[in-house]
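Here is a short briefing to read alongside the model. Please keep the viewer open and follow the topics in turn.

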Amino acid sequence: MNMKEEALLRVENLTKIFKTGFLGKGEKIIAVNDVSFFLKKGEVLSLIGESGSGKTTIARLILKLLKPTSGRIYYEDTDIWEISDKAYWRKVQAIFQDPYASFNSFYKVERTLKNVFKLFPDKVSEGEKDKKVHEALEKIGLNPKEVLGKHPFELSGGQMQRLLLARCLIIDPEVIIADEPTSMVDASMRVILLNIFKELSKKADKSIIFITHDISQAFYISDRVLVMYRGRIVENGPVEQILFSPQHPYTKRLISDVPKLHEKFKFTLT
Ligand SMILES: Nc1ncnc2c1ncn2[C@@H]1O[C@H](COP(=O)(O)OP(=O)(O)O)[C@@H](O)[C@H]1O
Ligand SMILES: [Mg+2]
């Protein structure tokens with residue numbers, strides 16, 4: 001079996017150009033430039049790159065929230081634009097960088113979390129909904145009594161990021177795209193969340209695209225790493241390879257912090 005056949009998600013020659021200005025006559029921004037990669041079942045693939053390198057645009061393209069300028073994305077060998085939104089979003093979910101943008105601010109948390117059951121093909125009973133919501137919240141260490149009756153603006157960014165992960169756990173998709181999912185939580189919660197992602201991949205066989213600009217988190221969590229620079233993938237390989245023999249000047253620059261990185265591991269993980 002070759003790599004392509006094993007792939008759950010496949011991105012081929014993906015390009016996204018944004019046109020700015022009145023009627024799109026201004027500047028052209030090539031946010032994603034001819035990017036190809038694949039994601040296998042059960043693996044954690046990290047997408048590392050500095051701010052503006054195109055990471056979130058890739059996440060939005062994979063989620064079908066944006067149409068590509070060119071290129072294709074396949075889920076189990078079917079073009080994702082040929083799959084119904086509902087069926088696709090049962091399989092592929094994301095945790096976005098700005099958690100407030102993902103929750104309707106008029107609704108209490110309970111309503112937003114329970115809305116995900118609309119994605120389920122079969123009707124779910126109220127009792128079953130309550131059970132799943134409570135289980136997911138407990139897993140990420142939030143007290144259902146404290147959060148379910150609140151609106152997003154009454155909660156911290158860190159709580160909101162954890163709620164997004166809880167939402168994902170309820171949906172139980174095959175692929176999770178986590179876009180800087182720990183940017184708003186403190187160091188100890190960060191380790192807890194990273195370990196949940198690891199467990200999802202290793203024990204539940206979920207495939208995860210972990211997006212970050214923090215190389216130490218990427219190395220802690222990933223099986224494989226893609227390094228992005230100005231819309232392109234400049235490096236692609238197993239964690240050890242990228243860490244010990246980086247090829248691209250940008251990756252070399254990133255890795256120049258590695259002694260500090262090891263210190264950081266000791267610091268955050270013990
Ligand atoms: N909707 C948009 N309209 C115009 N430009 C955009 C839009 N979204 C992103 N960009 C631009 O595309 C580039 C990549 O952005 P993004 O994917 O958000 O990068 P990252 O997530 O790596 O920080 C940036 O130059 C950004 O300004
Ligand atoms: Mg981003």
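D172 counts as partly exposed, because its relative accessible area is 44% (buried is under 20%, exposed over 50% and partly exposed in between, using a 1.4 Å probe and protein chains only). Its side chain meets that of K206 in a salt bridge, 2.9 Å from N to O (a salt bridge is a side-chain nitrogen of Lys or Arg within 4 Å of a carboxyl oxygen of Asp or Glu). This is a predicted model, where local features need pLDDT of at least 70, side-chain atom pairs count only at pLDDT 80 or more, and totals for chains, interfaces and linings use all residues. Residues are numbered from 1 along each chain as its sequence is written, chains are lettered from A and ligands numbered from 1 in the order in which they are written, and side-chain values use heavy atoms, with hydrogens and water left out.

**Salt bridges**

- D223 forms a salt bridge with K202, and their closest N and O atoms are 3.0 Å apart.
- Because D223 is in the loop between helix 10 (215-221) and strand 9 and K202 is in helix 9, that pair ties together parts 21 residues apart in sequence.
- D223 is partly exposed, with a relative accessible area of 30%, whereas K202 is exposed at 52%.
- Through shared partners, salt bridges join K41, D172, E174 and K206 into one network.
- In total, the count comes to 14 salt bridges.
- One of the pairs is K114 with D130, where the closest N and O atoms are 2.6 Å apart.
- K114 belongs to helix 5 and D130 to helix 6, so the pair links distant parts of the chain, 16 residues apart.
- K114 is buried, with 16% relative accessibility, while D130 is partly exposed at 29%.

- The largest pocket holds about 460 Å³ of space (a pocket is an open set of points on a 1 Å grid over the protein atoms alone, where a 1.4 Å probe fits, with protein on both sides within 12 Å along at least five of seven lines, and lining residues have an atom within 4 Å of a point; the volume is the space filled by probe spheres set on the points, which are joined across faces, edges and corners).
- Its lining has 17 residues, and the closest to the pocket centre are L65, W89, Q93, S102 and R167.
- At least two lining residues come from each of strand 6 (92-95), helix 4 (99-102), helix 5 (109-115) and helix 8.
- Strand 6 gives the largest share of that lining, three residues.
- By type, the lining of the largest pocket divides into 10 nonpolar, four polar and three charged residues (Ala, Val, Leu, Ile, Met, Phe, Trp, Tyr, Cys and Pro are nonpolar, Asp, Glu, Lys and Arg are charged, and the others, Gly among them, are polar).
- R167 is found in helix 8 (residues 157-171).
- R167 is buried yet has no salt bridge, and the nearest side chain of opposite charge, D85, is 12 Å away (Lys and Arg count as positive and Asp and Glu as negative, with His and the chain ends not counted).
- Setting aside neighbours within four places in sequence, R167 is in contact with Q93, F103, L113 and V116 (contact means heavy atoms within 4.5 Å).

**The second largest pocket**

- The second largest pocket has a volume of about 280 Å³.
- Of its 16 lining residues, E135, A136, L169, I170 and D172 are the closest to the centre.
- Helix 6 (126-139) and helix 8 are the elements that give two or more residues to this lining.
- The lining of the second largest pocket divides into 10 nonpolar, no polar and six charged residues.

- T112 lies in helix 5 and is buried, with a relative accessible area of 8%.
- Not counting residues up to four places away in sequence, T112 touches F103, N104 and Y107.
- G231 lies in the loop between strand 9 (224-229) and strand 10 (232-238), and is buried with a relative accessible area of 0%.
- Leaving aside neighbours within four places in sequence, G231 is in contact with A31, V32, N33, V35 and S53.
- The C-alpha atoms of G231 and Q93 are separated by 22 Å, and the two residues are 138 residues apart along the chain.

Key. Helices (H or I, at least four residues) and strands (E, at least two) are DSSP runs, numbered from the N terminus.
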